[in-house]
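Please look over the points below with the model open beside you.

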Amino acid sequence: MNVSIVGSGYVGTTVAACLADLGHEVTTIDIDEAIVDAINDGESPIHEPGLDELVAEHGGRRLRATTDYDAIRDTELTMLALPTPSNEDGSIDLQYMEAGAASVGEALADGDGRDEPHLVVTKSTVIPRTTDERLAPRIAEAGLERGTDFLVASNPEFQREGTAVADFLNPDKLVFGADDPRALAALGELYLPLREAAESEVSVVETGIAEAEMIKYANNTFLASKVSLINDIGNVCKEFDVDAYEVADAIGLDDRIGERFLRSGVGWGGSCFPKDTDAIIAAAREQGYDPAVLSAAVELNDAQPERLLALLDDHVDVRGEPVAVLGLSFKPGTDDIRNTRAVPVIEGLRERGADVVAYDPVATENMHEKYPDIEYADSAADALAGASGAIVVTDWDEFAALDSEFDAMKASVVVDGRRIVDRREGITYEGLTW
C-alpha cells in the first residue's frame, strides 16, 4: 500500500520505518525540515534500538519525508501520529491533532477526485469519541463528505520505548476501530504482511472507533496501576523486612496475576503512562465519575522518589556533598527523559543542598537541556568517585556490573530504586523493597 503518516516523533517514525520494512511505500509529513532531511538521508531522528538500521535501509527510498501535506493525495491511507500533550488539568491538548486533521482535509479537497474514499487513521492516543467528534469534523471542514470522500478509523499503538520496533513487528494484538467495512478492509490489508511475518499468531480486535480509543487507555492505566500496586506491596514488605521480589515471584505464578510488571521500584514514567492516566482521570471526572483506584495509583507513584530519598537521609546528610544519580532516562534502552523518575530525585537532592553528579549511557544530552547547572559524568565510575551517596534510578545493564567502583566513594551508601545492584559487604545498601 501507499501510506502517509503525519508526524515524525517516536510513534510516527517507528511506525513509518516498520511499515516500509514490511514492503509498503511510506511518506512521513513533518513541519521540522531537519527531521525531514534526516529521514531522507537515512538517519533516524530519535534513539530507539533497531530503528537506525531500518531508516538507514529505507530512508530516501521506500521511506520518504516531506513538509508538504499534498503528498497524501498520492496515498491510500493517512495516519495521524501527532503529539497530544497534557494540559495543566491532565486533559490532552488536541490542537496538533486538529490542525493535522484540517490540513489532511484541505490537501484531499484540493486533489483530483478519487474512486475510493481516503482512510484517515488516528494513531495517537486520544480520549474516546475524539476521532468522531473532534477530528472527522475538522477533515470535513474542507468541503469533504465522510463516507464518500474520506473514512476514519482508530488504530492505537502498543509500542514500548526501548523495544518499539520489536513490539510493532511482533505485537500481542492489533486493534482496528472503525464504523465502515471498507476501513476495516484497508487496515487488514495494511497489516497483512506483518501478520504473515510475525513469529506467532497475532490477535486482531475489530471494534468501534470509541472502543478502540478506550482500549489504549485501559491497557496503559491497567499496567500503571499494576506497577503502583506492586510498589505499594513492596513498601509494606520493606516495613516488615520481607524480600518483596521473592513475594512477587510467588504471586506471579498465579495466572490470574502474571509475572510481568511485578518488579517494584521507584515508579513509572515516560510519555505514555503518566499522560494517559492523567488524561483518562480528567475525562472521567468531566463525565461526573471519579476513578479512585487510578487516582491512588498516580498518588503512590508520585510518592516513590521521595521514599527513595528518605532512605538516603537515613544514612548521610547530603548537604554540600556529591551524590551520584545513576540513570536519567525513564527506562533503559531510550534517551527519553519525559516524566523520568530522575527528575524528582534530582529536585529532591537539590532541595537538600546536595551536589548532583549524574550519569546515563545515552540521555545526558537531553537532561543537560533541563538541568544545565548540574555535573554530568562520562561514566558510572566517574560519577561514583568521591560521592557520599549513590541513587540508582534507571536499570541499565551496566549498573548491574558495578562492583569495585563503589569502593571509590567517599561514603559507600547505595540506594537502589530498581533492585539491580548486588548488595555486598563494604557498601551500605538500601533498596526500596529490600
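**Notes on charged residues**

1. Arg338 counts as partly exposed because its relative accessible area is 40%, where buried means under 20%, exposed over 50% and partly exposed in between, with a 1.4 Å probe and protein chains only. Arg338 forms a salt bridge with Asp336, and the closest N and O atoms are 2.7 Å apart; a salt bridge here is a side-chain nitrogen of Lys or Arg within 4 Å of a carboxyl oxygen of Asp or Glu. Asp336, at 7% relative accessibility, is buried.

2. This is a predicted model, in which local features need pLDDT of at least 70 and side-chain atom pairs count only at pLDDT 80 or more, while totals for chains, interfaces and linings use all residues. Residues are numbered from 1 along each chain as its sequence is written, and side-chain values use heavy atoms, with hydrogens and water left out.

3. By the salt-bridge rule the count comes to 24. One of them joins Arg146 and Asp132 at 2.7 Å, N to O, and Arg146 is partly exposed with a relative accessible area of 31%, while Asp132 is partly exposed at 29%.

4. Lys275 and Asp276 also meet through their side chains in a salt bridge, at 3.6 Å from N to O, and both Lys275 and Asp276 are buried.

5. The UniProt annotation "domain: UDP-glucose/GDP-mannose dehydrogenase C-terminal", from an unreviewed entry, covers residues 324-423; such positions are given in the numbering used here, feature names are shortened, and annotations may be inferred rather than shown by experiment.
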